[in-house]
Amino acid sequence: MKPRSPRFEHHDWHEVKEMAAANMVVLIPAATVEQHGPHLPCDVDNLIVQHICDEAAKRRPDLSTVAPLIPFGFNEHNMGFPGCIHIQEHTLIDMYADVAMSFVRMGFRKVLFINGHGSNPSFLQIASRKVVNNSEAHVSTVNWWSFIPDVIKKHRETKLGGMAHACELETSMYLHICPERVRMERAVADIAAKWSEQVWVDLESCGPVAMIDDWSRVNATGVEGDPMKSTAEKGRIWSEATIERLISFMDDYRQYPVKPRRNFNFVPTDPGGPKA
Ligand SMILES: [Zn+2]
């Protein structure tokens, strides 16, 4: 038998039907095209989620298949910098939901968005809820870095609150996946001063208040963090830990049953009762 490609779209429809019948998990990588400071290309978020999904599916071809990347995300707050492509919120929600629902209509029952862009989660969650509310499938969403807060903490050199964008984490990942495109000689550290004990943004964990602002008001480099602390070895460790935990979750996810819905409301049966 020929080796199965990790990419969904490399298969014919008979194979797709077999994958759905085998209850494979559909991984949908979703990220964005966005500036990442002077030292990284604009494809950081897309590159990382594609790598994680491809590697997970390559290592467990029996378990998962990788949908085509959804390369555009929500970027209105970052449009003050060149290099960003922005999709409006309703378009984005509809697109995520339509893609997930297409897999559900093929017979897949386990869909998982792997997100790589910090401003996508609220839209991915709404889209996932829409599909779950209108189907008999599970649709879930995770930010790749949320799999590994303990591993990030163990190896980071930047203090908490200083790892958010084009930072030690993202730059290390790029150095691991595609070092030839990183220009470390152009890297600058830029960590915003903390102005409240309740507000900080960090890929290990965020403060309690989700402060919504426009980046151009607070930042002039396009960096939030210290990329000078990045190494390819840290990227390898963080990447491997993410892939390992993603595979472990997918094993659980596939086993978790889609249970029948129940209705605990009062159901009127009196034919003479008031008409709706
Ligand atoms: Zn990023």
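I started in the loop between α1 (13-21) and β1 (25-30), where N23 has its place. The model is predicted, and I read it as such. I looked up the backbone of N23: its phi is near 55°, a positive value in a residue other than glycine. Is N23 buried, exposed or partly exposed? I find 15 C-beta neighbours inside 10 Å, so N23 counts as partly exposed. The cut-off for buried is 20 or more, and for exposed 12 or fewer.

Next I went to A166. This residue lies in the loop between β5 and α6. Phi of A166 is also positive, near 55°, and again the residue is not glycine. Its surroundings I checked by the count of neighbours. A166 has 27 C-beta neighbours inside 10 Å and therefore counts as buried.

Then the sheet. In what order do the strands of the open sheet run? I read β2-β1-β3-β4, 4 strands with parallel pairing. At the edges I noted β2 (64-66) and β4 (138-143), each of which pairs on one side only. On average, neighbouring strands here are turned by 25° against each other, direction ignored. I followed one pairing in detail. Strand β3, residues 110-115, pairs with β4 in the parallel sense over 6 bridges. For L112 I looked up the bridge partner in β4 and found S140.

I took α8 for a closer look. The helices α6 and α8 pack at an angle of about 95°, with their axes 7 Å apart. That angle makes α6 roughly perpendicular to α8, because 65 to 115 degrees counts as such. Which residues meet there? From α6 I wrote down L169, S172, M173, L175 and H176. From α8 I wrote down A232, K234, G235, R236, W238 and S239. By class, the residues of this contact divide into 5 nonpolar, 4 polar and 2 charged.

One remark on spacing in the list. An α-helix has 3.6 residues a turn, so residues three or four places apart point the same way. In α6, L169, S172, M173 and H176 are among the residues that meet α8.

Technical notes. Residues are numbered from 1 along each chain as its sequence is written. This is a predicted model: local features need pLDDT of at least 70, side-chain atom pairs count only at pLDDT 80 or more; totals for chains, interfaces and linings use all residues. Two strands pair if DSSP finds at least two bridges between them. Helices (H or I, at least four residues) and strands (E, at least two) are DSSP runs, numbered from the N terminus. Axes are lines fitted to C-alpha atoms, for helices over the stretch in contact, and angles run from 0 to 180 degrees between N-to-C directions. Angles under 35 degrees count as roughly parallel, over 145 as roughly antiparallel, 65 to 115 as roughly perpendicular and the rest as oblique. Two residues are in contact if their C-beta atoms, placed from the backbone, lie within 7 Å. Ala, Val, Leu, Ile, Met, Phe, Trp, Tyr, Cys and Pro count as nonpolar, Asp, Glu, Lys and Arg as charged, and the others, Gly among them, as polar.
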